[in-house]
Structures are given as C-alpha cells and as structure tokens.
Amino acid sequence: MQHKKVTVFNGDDASPEVMKPTVELLQKLDLPITFEFPLVGDIAEKKYGKILPDETIASIDSADATLFGSTSGQSTAALFYLRWGKQTYANVRPCQWIPGYQSPMANPEGIDFIIVRENLEDLYLGLEGNIEDLHALNFYSKHARSSLTDLGPGRYAIKAITEAGSERVIRFAFELASKRAAKKKVTLTSKYNMLSQVDGLFRDIGMQVSQNYPDVEFESFIVDDFLCRMITNPHALDVVVMPNLYGDIMSDGAAGLIGGLGLAPSGCYGDDYAYFESAHGTAPDIAGQNIINPTATILSAVMLLDYLGFTEQAGTLNQAVTQVYSEGKVIPVDQGGNASTSGFCNAIADYL
Ligand code: ATP
C-alpha cells in the first residue's frame with residue numbers, strides 16, 4: 001500500500017471532540033498514513049505571527065488530503081485556503097438514511113441521495129460593499145422599474161456564476177451519477193426563472209453537459225419547487241447539483257430528513273486535491289459536554305479513505321457505523337440515545 005499524508009485541523013468549539021477520536025479510529029485501522037497537525041488562527045498567530053503560517057500552507061500542499069474540523073473566527077483562514085487555494089470546487093454531501101437514525105420522516109428507508117454543491121462561486125466570493133459604490137454603473141432594475149441610484153443607503157453582494165465553474169461541477173455530478181448503481185439521475189436546481197442570467201446560465205450548462213451522458217437521466221427544478229420535492233419525495237433523488245448558497249442551505253435540510261446535522265458528512269473535491277469535513281459547524285452551544293454526535297465526522301473520514309484509495313478500510317469503517325446504529329445499544333444523544341461522544345466512538349473502535 002502506498003504511503004499517504006493527511007493534514008488534520010481539529011477545529012474550534014465542539015469540533016475537536018469529534019475530530020480527535022475520529023483520527024484515533026483512523027489510526028486504529030493501521031494504515032500507512034502519516035497525520036500532521038499544523039496550527040491556524042489565534043494560536044498560530046502567537047507562535048508564527050500569522051493566522052495562516054507558511055508552515056501550515058506547506059503542510060496542506062504536501063498532504064494527499066486534509067481532514068478539517070469546523071472552524072470559527074480566525075481559523076477560517078485555513079478553510080479559505082483549502083477551498084480557493086486548492087480549487088476544491090465540488091462539495092459532495094451524501095444524505096443516506098440507515099436504521100437507527102432518528103428521521104422525522106414516516107418512511108425514511110431508502111433515502112439515499114447526494115448533493116453536489118458548487119463550492120467556490122455564487123455569493124460566496126465575499127464581494128460585498130455599499131450600494132452607493134455601484135452608482136456610477138447606472139444600473140436599471142427591470143423588476144423594480146427604477147434605477148439603482150433610487151435605492152437608499154444599503155449594501156450589495158455579487159452573485160457570480162461562471163461558465164467554467166458551472167461546467168466543471170455539473171460534469172462532476174454527472175460522473176458521480178454514472179458511477180452510482182442506483183438511479184443514475186442528475187437533478188439540477190437553481191432559481192433560473194427569477195435569476196435568468198446567473199442561475200439560468202447554470203441550468204443552460206446543465207442541459208449542455210447532459211448531452212454527453214445519455215445513460216444518465218437529467219431533470220431540473222426551480223429551487224423552491226425542488227425543496228418541496230426533496231421533503232415530500234426524497235426517495236426520487238439520486239445526485240443533485242446546485243450553486244453554492246442553495247447547496248449550503250439544502251444540505252442542512254437534507255441532513256434534517258435523515259435525522260440531523262450530526263449525521264451529515266462532506267467532501268470537497270478539486271481536480272488534484274480534496275478535503276473532508278462534517279457538513280455541520282462548530283456546534284458552540286454543546287461544546288465541552290461530550291455529547292456532540294461524531295457520525296458526520298467519522299463518515300467524512302470514510303470518504304477520505306475512499307479518496308486515498310483505501311476502499312476496503314473505508315467499507316469497514318462505514319460498516320462499523322451501520323452496525324452500531326442498527327444494534328441500537330449505543331446511540332448518540334441527538335438521535336434519541338444516551339451515548340456520549342466518547343461512548344459512541346468506543347463502540348465503533350470495538351467493532352473495528
Ligand atoms: P455553520 O454556519 O458553520 O455551518 P451553523 O450555524 O450551521 O454553523 P452548527 O454548528 O452546524 O451551526 O450547529 C447548528 C445546531 O446543530 C446547533 O444547535 C448544534 O449544537 C447542532 N449540531 C451541529 N452539529 C452537531 C452534531 N455533530 N451533533 C449534535 N448536534 C449538532
């Protein structure tokens with residue numbers, strides 16, 4: 001087996017409570033992986049005088065992948081580097097129910113779809129400012145039938161969707177769908193009626209890309225209609241692709257369908273790099289209580305192992321999660337059980 005290096009950020013607030021035991025589980029698999037733990041944020045600034053030191057960037061660059069604990073505050077500098085610096089454009093968020101997950105749905109059995117969220121564009125470029133800075137552009141709103149200068153003081157944000165950025169993430173979604181045993185279907189969603197330029201472009205490119213995949217069914221829905229369909233008939237979905245902001249929102253909703261944020265893993269893929277993190281944030285409200293559900297992080301580690309080519313061990317770790325939930329004896333608090341974070345991780349370790 002080829003030797004691999006993984007850079008790990010334990011993250012902030014409750015995040016280290018799930019990251020540390022997850023790395024221990026990976027170590028238990030006895031794989032040829034070296035883990036590195038570089039510093040970021042306030043602690044890095046104290047030692048190196050920079051929130052994202054060169055040493056940390058070098059660690060990310062020289063690793064085969066990164067396992068990333070959710071960050072808040074200054075530590076998000078590492079996240080920005082992992083996204084834009086490493087061009088990880090496809091955020092893959094699986095939503096699969098397994099017995100033991102406490103879904104609010106009457107029939108959760110068979111819910112198994114993947115959201116592919118565009119990860120770099122849309123409203124997440126951080127291009128915001130004062131409306132008056134745009135006055136010189138003489139924008140006229142056809143919808144409001146007034147000029148931008150008629151608006152009072154306020155702020156704007158730029159929603160930018162590019163042809164190349166859309167094409168690569170949509171192609172990624174089609175590739176993923178064509179490899180899945182299940183339905184082989186791509187559902188595209190955006191607000192292409194109201195935002196006919198930006199979201200319309202995303203859909204047009206979806207239609208173009210779909211021509212290259214005759215074996216994959218293609219459908220598109222306006223994002224509000226999609227949300228209703230996702231809730232009323234999630235079983236019909238296979239791979240869903242959407243721009244950044246919708247993907248951020250919809251994937252939390254998708255997590256809710258199977259039982260909550262504690263169950264939602266995620267991987268962000270570029271053409272030559274990937275990092276893996278839970279879909280949830282740092283859960284500051286439950287930090288220090290040893291009750292945060294580690295499932296999302298453990299399943300993100302499963303995705304990491306798959307990416308690194310350790311397919312068999314990925315299957316073993318995944319099976320451990322399925323087994324512990326289906327036995328129903330050691331269930332985390334957010335799923336209606338009384339197992340602590342460490343108790344759940346110990347049960348997974350015992351299975352391994
Ligand atoms: P972000 O914007 O960074 O995604 P967020 O605002 O969505 O963060 P989260 O940190 O994801 O916030 O938390 C939202 C809620 O879900 C909180 O009440 C938190 O405790 C809960 N939560 C998040 N992750 C988990 C988990 N793994 N186990 C249990 N509860 C969780």
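A salt bridge is a side-chain nitrogen of Lys or Arg within 4 Å of a carboxyl oxygen of Asp or Glu. With that criterion, select Asp54 and Lys50, whose side chains meet in a salt bridge with an N to O distance of 3.0 Å. Lys50 is partly exposed, at a relative accessible area of 40%; buried means under 20% relative accessible area, exposed over 50%, and partly exposed in between (1.4 Å probe, protein chains only).

The model is predicted: local features need pLDDT of at least 70 and side-chain atom pairs count only at pLDDT 80 or more, while totals for chains, interfaces and linings use all residues. Residues are numbered from 1 along each chain as its sequence is written, and side-chain values use heavy atoms, with hydrogens and water left out.

**Domains**

Colour the chain by domain: domain 1 covers 1–97 + 260–352, domain 2 covers 103–122 + 161–258, and domain 3 covers 125–158. These bounds come from an automatic or database domain assignment. The C-alpha centres of domain 1 and domain 3 lie 40 Å apart.

**Further salt bridges**

The structure holds twelve salt bridges. Select Lys159 and Asp122 next; their side chains form one of them, at 2.8 Å from N to O. Lys159 is in the loop between β9 (155–157) and α5, and Asp122 is in the loop between β5 (112–118) and β6 (128–130), so the pair ties together parts that are 37 residues apart in sequence. Helices (H or I, at least four residues) and strands (E, at least two) are DSSP runs, numbered from the N terminus. Both Lys159 and Asp122 are buried.

Move to helix α5, where Arg171 and Glu167 lie four residues apart, about one turn of the helix. Their closest N and O atoms are 3.1 Å apart, forming a salt bridge. Arg171 is partly exposed at 35% relative accessible area, and Glu167 is partly exposed at 28%.

**Helix α6**

Select residues 198–210. Helix α6 has 13 residues and reaches 19 Å from its first C-alpha to its last, close to the 18 Å expected at 1.5 Å a residue; the expected span is 1.5 Å times one less than the number of residues. Its buried residues are Val198, Asp199, Gly200, Phe202, Ile205, Gly206, Val209 and Ser210. Their cover includes the helices α5 (163–179) and α8 (244–258), together with the strands β10 (185–190), β11 (217–222) and β12 (239–242).

Arg83 is buried yet has no salt bridge, and the nearest side chain of opposite charge, Glu277, is 4.0 Å away. The side chain of Arg83 does make a polar contact with that of Tyr275 at 3.0 Å. A polar contact is a pair of N or O atoms within 3.5 Å; within protein, one must be able to donate a hydrogen and the other to accept it, and residues adjacent in sequence count only if both atoms are side-chain atoms.

Then select Thr297 in helix α9 (residues 295–308). Thr297 counts as buried because its relative accessibility is 3%.

**Positive phi**

Finish at Arg145, in the loop between β7 (140–141) and β8 (146–147). Arg145 has a positive phi of about 50° although it is not a glycine, and it is exposed at 69% relative accessible area.

Key. Lys and Arg count as positive and Asp and Glu as negative; His and the chain ends are not counted. Contact means heavy atoms within 4.5 Å.
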